[in-house]
Amino acid sequence: MTRLAFDDVACLRGGRVLFEGLGFALAPGEAALVTGPNGVGKSSLVRIAAGLLRPAAGEVTREGAVALLGEAHALDPEWSLRHALGYWIGDRTATALAALGLAHLAEVPVRVLSTGQRRRAGLARVVGSNAAIWLLDEPANGLDDDGVALLERLIAAHRGAGGIAVVATHTTVALPGAQPVRLG
Ligand SMILES: Nc1ncnc2c1ncn2[C@@H]1O[C@H](COP(=O)(O)OP(=O)(O)OP(=O)(O)O)[C@@H](O)[C@H]1O
């Protein structure tokens, strides 16, 4: 079964304790909303959840495939958007492009996309990943109001289908019923 849990997790970076004693558990359909001021450790928490950073203490349980949206979108800048996404999500590319309102940009090189378009492209990779656990670090950055509303609908649909979402943000993203994880 899909599950993501932190048990008494501590994070140490640059010799400094960013957080400790952190615990939450997410079952299918559930979400966590990670908030707190700049530099408090939101991105670090997301990287620990993804298995990219080792917690200094405690245990992380991760059952299910993970899709990570971070600062870097991991799409080749020289390739067309369709080709770059296709590298990751294959024949789900057309559906993901349509879901993010990017179908008209499919043949455009990734490097010419605007900030918000790039963010949508990163989300298209997550949407097309088929992963049960979405880890989204500042997913609303660069998105306009319609983009944020779309993001909220996509996360709701993912949860409705039994997925899990962790959203780290310093802006408002509506995640009904999400567990608040307040750092700092
Ligand atoms: N590789 C590293 N080595 C040492 N310190 C680091 C490293 N990466 C991040 N840090 C520090 O860890 C702290 C937390 O960083 P993190 O990116 O997790 O914060 P954040 O809450 O996501 O911040 P923001 O809201 O600005 O994105 C910061 O003080 C940062 O300088």
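Mentor: Start with asparagine 130, which is exposed (over 50% relative accessible area, 1.4 Å probe, protein chains only), at a relative accessible area of 59%. This is a predicted model, where local features need pLDDT of at least 70, side-chain atom pairs count only at pLDDT 80 or more, and totals for chains, interfaces and linings use all residues. Residues are numbered from 1 along each chain as its sequence is written, and side-chain values use heavy atoms, leaving out hydrogens and water.

Trainee: Where is asparagine 130?

Mentor: In the loop between helix H4 (115-127) and strand S6 (133-137). Helices (H or I, at least four residues) and strands (E, at least two) are DSSP runs, numbered from the N terminus.

Trainee: New topic. Which polar atoms lie by the ligand?

Mentor: A polar side-chain atom of serine 44 is 2.6 Å from a ligand oxygen. A polar backbone atom of valine 40 lies 3.1 Å from an oxygen atom of the ligand. Polar contacts are pairs of N or O atoms within 3.5 Å.

Trainee: Which element gives the most to the shell around the ligand?

Mentor: H1, with three residues.

Key:
Polar contact = N/O pair within 3.5 Å; in protein donor to acceptor, adjacent residues only side chain to side chain. Buried < 20%, exposed > 50% of the residue type's maximum accessible area, 1.4 Å probe, protein only.
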